[in-house]
Amino acid sequence: MDAVNEYLRLLEARTTLGQKSVVVGGFSQLSSEEQAQLVRLRQTADEALRSRIQPDPEASLSLLMTLLDRRDTLGEHRRLVDYVPAHGLPRVFESCLPALALDHKEAEAAGLHLHHLTLNKLQDQAPELFHDHLPALFREKDWSRFDAWRGVGLRMSGELRREFERPSVDRAWAQGCLERSGAVENYDFLAQALGVHRLDEAGMELKDGQWRALYPDVCYHIQPSAPDLTAHNMTAPTHMHLDDLSWRIAGKGLPAEYWGHQGPPCPHCGTDLQHLLTIPKPVPGIMLDTPLTFVVCPYCMIGDRPTIFVHDEHGLPERPEYHGLGFDETRGYDFSDLDQDAYKFPTQGFSAQLVATPPRWLFQNDFSDSQNMNRLGGPPSWLQGPEWETCPKCQQSMLFLFQLRDGLAYTNGIIYGFWCASCRVSAILNTYT
């Protein structure tokens, strides 16, 4: 592992020199030559990490294990988890166990800062690793460890239900754990206790006596073509490179197009419409009877949440609707003189593949790094909490269908797409940080 040793050497030199860079009276103790040397060391180390270690999953695993063993304090090294092969995640978890029952301040004081941050990422990518340690999680009641309870079923459900029934600040914590458990019995308990028919965190709705998911059970990652990725990484700043394993999912995919072209002006405000996603053919596990194209007005979607579109029998958007005052096919706008043959919505985007999502990337809630969160199906990654949409025409819950984050087009947030098959209506919801 020559690359790992070289990086560790550069890191040690950078750390040693950086320790001299204590600011006294507003001035650095480093000379101008030393400051320039420190910049060069950082750049050389970053380049070694990006070009020689991160492309190699085994080298990434070796480096992360070494840094954990040395109790490294650089939080930026948490990103190595995204480059580690799936089979190495249990080893990483075992190394991080000393920080399991500590909050971030306690972990930092104990020299386990990187361990704590790494656990935050592992609870999304491998929540099953936490399931043998639920009693410790229950005692700590750490809100940052919510996702470690995903898929636990009925394990510790009695303790969680009793905690929920207590009039304490931990009631909401217990509810979040129960909703993430995946157990129908826990859904029934919460529905009866709260008097609701929908559990937003779980994304489940009780209808006709049966629980149904508000999202497709299957999930596909939207992966851009290799040339588009290469072109992006050659021009983007290092921290925006798209190169971790969530962008390199193996497997044969189905064709799709995302982002890309702009279209004619929005008839409401005059801003050019933006192509979001085109699904050219039915996708296994996704209940679509025709191809579908989704577009949005970048201006209207800021004030009109969500932005509503009606689609024709071919899946193309016919016209946008304003949602603020309810569903109306005219909404006060005169579309009678709109030449549908000349007024074409954007239907072309960057070439992409829909690749089946492995379990590791099924739950993605890490918005601080550059993971590929462009997905079709699966549970949504809520940036600011659940916002399930209701069809403005039939008043039924809509199906979450896709989400788009940064990538070849930077949104500084997430765009969510919902679909009502019976009314052929889409809803586009934007959420920003």
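**Terms and their grounds**

Biologist: Why is Ser 181 called buried?

Modeller: Because buried means under 20% relative accessible area (exposed is over 50% and partly exposed in between, with a 1.4 Å probe and protein chains only), and Ser 181 has a relative accessible area of 2%, Ser 181 counts as buried. This is a predicted model, in which local features need pLDDT of at least 70 and side-chain atom pairs count only at pLDDT 80 or more, while totals for chains, interfaces and linings use all residues. Residues are numbered from 1 along each chain as its sequence is written, and side-chain values use heavy atoms, without hydrogens and water.

Biologist: Where does Ser 181 lie, and which residues is Ser 181 in contact with, leaving aside neighbours within four places in sequence?

Modeller: Ser 181 lies in the loop between helix 9 (171–180) and helix 10 (184–194), helices being DSSP runs of H or I with at least four residues, numbered from the N terminus. With those neighbours left aside, Ser 181 is in contact (heavy atoms within 4.5 Å) with Trp 149, Gly 151, Val 152, Gly 153 and Asn 186.

Biologist: What makes the charged end of Lys 141 sit over the ring of Phe 138?

Modeller: The term requires NZ of Lys or CZ of Arg within 6 Å of the ring centre and within 35 degrees of the ring normal; the charged end of Lys 141 is 4.0 Å from the centre of the Phe 138 ring and sits over that ring. Likewise, the charged end of Arg 180 sits over the ring of Phe 146, 4.4 Å from its centre.

Definitions and conventions
Helices (H or I, at least four residues) and strands (E, at least two) are DSSP runs, numbered from the N terminus.
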